Amino acid sequence: MFCPNCGGELPSDANYCPMCNTVIKPSHSITLGRPGVITAASILSGIMGGCSIIGAIACFLTAGVVRSETPNTPEQLLGMMVTLELMIAIGVVLLIFGVLCLLSCNRLWKCRRSGGILGIALGVLGIVISVPLSIGSAIGIIPSIALIVLILMGWRSLN
Ligand SMILES: [Zn+2]
């Protein structure tokens with residue numbers, strides 16, 4: 001790369017010429033289109049959304065099965081009610097999380113910064129939700145961290 005004003009040789013990432021101080025437009029550094037990391041983040045967000053919605057449906061189905069059972073003792077009735085409320089609560093959280101993941105997937109696909117912000121927030125939320133689930137917490141934590149890392153890597157290309 002050479003300076004258009006004085007013809008001096010420039011470092012490839014120069015913003016101005018060190019010889020004559022002419023401002024160099026970073027025409028070659030502007031990346032057009034969606035970088036691979038953002039494509040990966042969008043797909044990952046979509047997969048997380050799909051899995052969360054499937055998990056929510058599973059919770060609601062489990063709640064339906066529990067509700068259809070006939071308790072024989074007051075202890076069984078109490079156990080059923082606790083399970084029922086727990087399943088519905090987890091199902092609602094997973095459903096909201098899943099829908100927001102799909103929204104983030106769509107915004108990231110279009111290289112929107114709002115998708116990046118939402119994706120990072122969901123990544124943090126995914127870690128927070130996964131921590132209390134001792135079994136399978138890695139299933140939630142690993143993609144959540146990966147999503148945050150991918151978005152941060154491609155952050156500059158979001159607008
Ligand atoms: Zn120059």
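Helix H3 (residues 113–130) and helix H4 (residues 137–153) pack at an angle of about 155 degrees, and their axes lie 8 Å apart. Colleagues, the model is a predicted one: local features need pLDDT of at least 70, side-chain atom pairs count only at pLDDT 80 or more, and totals for chains, interfaces and linings use all residues. Residues are numbered from 1 along each chain as its sequence is written.

A word on terms. Helices are DSSP runs of H or I with at least four residues, numbered from the N terminus. Axes are lines fitted to C-alpha atoms, for helices over the stretch in contact, and angles run from 0 to 180 degrees between N-to-C directions.

H3 and H4 are therefore roughly antiparallel to each other, a label for angles over 145 degrees. Their crossing is left-handed, meaning that the near helix is turned anticlockwise from the far one by less than a right angle. Which residues of H3 and H4 meet? From H3 the list includes Gly-116, Gly-119, Ile-120 and Gly-123, and from H4 it includes Ser-137, Gly-140, Ile-141 and Ser-144. Contact here requires C-beta atoms, placed from the backbone, within 7 Å. By class, this contact has eight nonpolar, eight polar and no charged residues. Ala, Val, Leu, Ile, Met, Phe, Trp, Tyr, Cys and Pro count as nonpolar, Asp, Glu, Lys and Arg as charged, and the others, Gly among them, as polar.

I turn to the other helix pair. The axes of H1 (residues 36–68) and H2 come within 7 Å and cross at roughly 160 degrees, so H1 and H2 are roughly antiparallel to each other. H1 passes H2 in a left-handed crossing. Their contact has 22 nonpolar, eleven polar and one charged residues.

Ala-41, in helix H1, counts as buried because it has 31 C-beta neighbours inside 10 Å; the cut-off is 20 or more other C-beta atoms within 10 Å. Beyond four places away in sequence, Ala-41 touches Leu-108, Gly-119, Leu-147, Leu-150, Ile-151 and Gly-154. Phe-97 lies in helix H2 (residues 74–109). Why is Phe-97 classed as buried? Phe-97 is buried because 21 other C-beta atoms lie within 10 Å. Phe-97 and Ser-52 are 45 residues apart in sequence, yet 6.8 Å apart in space, C-alpha to C-alpha.

Finally, the domains. The assignment gives domain 1 (1–29) and domain 2 (36–157), with bounds from an automatic or database domain assignment. Their centres, taken over C-alpha atoms, are separated by 48 Å.

Key
Helix = DSSP H or I, 4+ residues; strand = E, 2+ residues; numbered from the N terminus. Buried ≥ 20, exposed ≤ 12 C-beta atoms within 10 Å, placed from the backbone. Parallel < 35°, antiparallel > 145°, perpendicular 65-115°, else oblique. Contact = placed C-beta atoms within 7 Å.
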